[in-house]
Amino acid sequence: MKRKAESRHLQRSAAVRGGGLRNVSKNSHPLEFPPANEPLDDSSEESEVDTDEEKQGDRSMYHTLLSSLKSSCGSFAHVYDKRQREQEGVSSAEEDEQDTELESESDVSGDAEVEEVGTEPMESSEEEVVESEEDRDIEGTAGQLAVDDEDDVEDDDEDRENNEASMSISSFKLHTTHTLAEADVQKLKEGKRKFKAEFPAHGMPMCKWTTTNDSLHKEDDRLASYGVQSRLQKHWQSIHKKPDCGDFTSAKQSQFFSLCNSYQDILHSNKNAFLCGGQDDDSSIMDAYLLHILNHIYKTRDLVTKNSARLSQQAEQKDKTIDAMGLSQDQGFTRPKVLIVLPLRSIALRTVKSLIDLIPSSCKVSIEYKNRLFDEFGNGEDEDNEALKEGSKSGGQHKEKSQISSKPADFQALFGGNNDDHFRIGIKITKKSVKLYSDFYSSDIIVASPVGLITKIGEAESEKNKDVDFLSSIEILVIDYADVILMQNWSHVISVVGELNMIPTKQHGTDFMRIREWYLNGQARYYRQTILLSNFVNAEINALFNRSCLNYRGKVVLQVRQVYERFDCRSALDVDDERFKFFVKKVFPKIKDPLQGGIMVFISSYFDFVRLRNYMKSQDTSFCLVGEYTKQSDISRGRTWFFHGKRKIMLYTERAHFYHRYKIRGIRDLIFYSLPERNDFYAELTNMFEGVDNPTCTVLFSRFDSLRLERIVGASSAKKMLNSEKKTFMFC
């Protein structure tokens with residue numbers, strides 16, 4: 001059997017070398033986007049495939065690719081001709097006698113089982129070990145999965161039966177088997193979908209989710225209802241299950257997983273990251289999307305294994321009643337299905353560790369190169385100690401530690417570990433092992449930084465023998481800690497996303513009989529799910545999400561509510577008095593005796609600051625002060641009291657923020673007594689919410705604040721807010 005498989009492989013390889021995939025120019029996909037105020041024109045993102053479609057009219061990429069393969073591969077040409085004859089009404093029985101040998105070879109092509117040679121490349125470009133072309137041909141997507149799951153047919157019958165029962169209703173099957181019509185593709189290219197439905201965000205009362213779909217998504221606190229693979233279910237329940245939240249640790253985690261499982265594009269712009277003190281919330285969200293990723297990987301593997309077994313049985317029985325081209329299309333051009341983009345090695349280590357923890361114990365009997373992962377992605381204490389040896393005698397080491405400890409907590413959390421931003425690592429998940437540092441073309445998941453990927457893309461553009469075809473079949477893209485990546489180089493992210501789901505330039509041992517039709521039609525980007533997570537949102541993140549995320553399943557966005565309240569004032573001379581009266585009557589009664597505290601009142605004018613300070617003293621209010629004339633010792637003491645809840649309210653002036661840019665921790669409710677003169681201060685202050693499930697933001701304004709209001713909400717919105725009969729406005 002093995003000898004026949006090798007023979008078939010050599011025949012297919014020889015045929016593919018004669019033709020195969022055509023080369024696609026790297027310059028055929030320029031990363032140019034139109035201005036924000038102009039309608040989106042997707043022509044700049046179209047591949048050479050789209051140009052061919054325009055020239056050939058209704059003829060699809062699928063048929064173009066089949067024609068080229070037909071001329072270069074005999075067995076493929078035979079099956080293609082047979083399918084064409086059946087569509088034309090010609091009975092296949094007339095051709096049975098001459099087709100027997102070729103069809104049996106074609107049907108078994110995905111069942112070749114060859115023992116893998118373990119070449120483990122380094123993640124850096126200089127040390128990377130590249131597999132030979134022969135090894136890559138052997139490790140085609142179907143063939144590689146067949147090798148990994150050689151014993152699945154015998155050992156996992158019960159598990160597969162459970163998965164088959166759930167697969168009929170799972171989002172995975174609905175998503176991957178959906179067929180897009182040309183009209184649907186045109187609508188997606190236009191990118192003019194509107195948000196229609198909305199629903200509350202669990203654990204975040206001041207936030208809501210909005211979606212482009214007509215109806216709300218269905219939620220359930222049981223993993224079984226989502227069709228999650230049974231082994232994943234059992235393992236997850238053993239480490240995460242809580243009695244009051246079903247199979248999840250919180251309602252927020254349950255809701256976020258249901259969104260991931262819907263395969264919609266997700267923009268979560270209010271994530272409380274670990275570096276801001278939201279350790280539990282950050283881990284909860286990360287575990288949810290990692291579970292979704294593992295479920296997608298395992299379901300893909302089970303489907304390929306099942307089809308390989310069926311094709312093998314069909315070949316042994318010489319059964320021609322099943323059309324192999326229609327029923328076994330279960331994969332893409334290359335094996336990698338998930339790309340996780342992260343900013344730093346320390347964050348990547350934390351993510352990979354969480355991923356491994358979620359893999360069932362029976363599937364991680366061995367974890368290859370785990371020690372190397374910790375050595376290269378850990379905090380590098382050994383290197384630091386060596387670098388500090390020379391200065392240790394003179395107290396240099398003590399000084400360095402003192403400098404680090406003097407930094408704010410968020411700085412220590414983010415940069416306390418390995419802060420190298422150049423890395424990439426492949427992760428291969430087999431039946432009983434997890435292989436780290438696997439070659440990208442034999443990996444299931446790729447974890448990398450934007451710099452690491454852009455370096456690889458640059459190498460492929462300058463060297464003919466290198467390529468980035470491993471990005472051609474990405475089905476789930478996760479960009480986590482986007483707010484940190486913004487501080488690096490966001491253009492790298494745009495370039496990486498632009499390279500996803502392109503038609504590959506080489507064959508890479510792929511069995512074309514089993515490639516999904518939407519890959520061949522050049523529609524893979526419309527099936528790719530993008531999960532974008534950040535502590536806040538800005539124009540760059542919005543532009544990427546709106547222009548480059550075109551998932552046919554729709555989009556869902558988290559929006560934070562901000563309440564603007566207008567008070568009436570007849571004269572500019574009376575504006576300060578009227579503002580104070582409005583605050584005392586409408587706002588102060590709600591915050592006078594808070595249970596939790598965490599209320600920061602931002603004040604632009606120092607005179608208003610003094611006025612509020614005196615008033616709160618007269619009311620015996622628990623508060624602290626951070627002003628431009630406040631002593632440094634009082635500021636440090638007040639910030640500590642506020643963070644630990646010993647003082648419920650903080651008065652904070654604009655000039656104090658201008659000169660010191662304090663990072664105020666512990667804010668739950670932010671009140672703008674007056675709007676800041678500098679509009680960037682508004683964003684900085686609203687982004688100080690940390691570890692809070694229900695942050696609120698309230699703004700007081702009058703018609704004499706029109707210029708400040710315009711700088712924050714825009715001229716048109718400001719005009720409506722100032723002239724409207726209503727006095728309360730909510731931004732989400």
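Residues 24 or more positions apart account for 78% of the contacts in the protein chain with a separation of 6 or more, a contact being a pair of heavy atoms within 4.5 Å. The model is predicted, and local features need pLDDT of at least 70, side-chain atom pairs count only at pLDDT 80 or more, while totals for chains, interfaces and linings use all residues. Residues are numbered from 1 along each chain as its sequence is written, and side-chain values use heavy atoms, with hydrogens and water left out.

The secondary structure of the protein chain comprises 32 helices and 18 strands, taken as DSSP runs (helices H or I, at least four residues; strands E, at least two) and numbered from the N terminus. Of the 732 residues in the protein chain, 54% are buried, where buried means under 20% relative accessible area with a 1.4 Å probe and protein chains only.

Helix H13 (residues 251-261) has ten of its eleven residues buried, so it is largely enclosed by the rest of the structure. Among these buried residues are Lys-252, Gln-255, Phe-256, Phe-257 and Asn-261. After H13 comes Tyr-263, whose phi is positive, near 65 degrees.

The whole structure holds 25 aromatic pairs, counted when the ring centres of Phe, Tyr and Trp (its six-membered ring) lie within 6.5 Å, with planes under 30 degrees apart taken as stacked, over 60 as edge-to-face and the rest as tilted. Tyr-226 and Phe-257 have ring centres 5.3 Å apart and planes at 80 degrees, so the pair is edge-to-face. This pair links distant parts of the chain, with Tyr-226 in the loop between strand E2 (207-211) and helix H12 (230-240) and Phe-257 in helix H13, 31 residues apart. Tyr-226 is buried at a relative accessible area of 6%, and Phe-257 is buried at 0%.

Strand E6 (residues 424-429) is mostly covered, six of its six residues being buried. Arg-424, Gly-426 and Lys-428 point one way from E6, whereas Ile-425, Ile-427 and Ile-429 point the other way. Four bridges join E6 to the antiparallel strand E8 (residues 445-448), pairing being assigned if DSSP finds at least two bridges between two strands, and in E8 the bridge partner of Gly-426 is Ile-446. E6 also pairs with strand E7 (residues 433-436) in the antiparallel sense over three bridges, and these two strands form a hairpin with three residues between them.

Definitions and conventions
Buried < 20%, exposed > 50% of the residue type's maximum accessible area, 1.4 Å probe, protein only.
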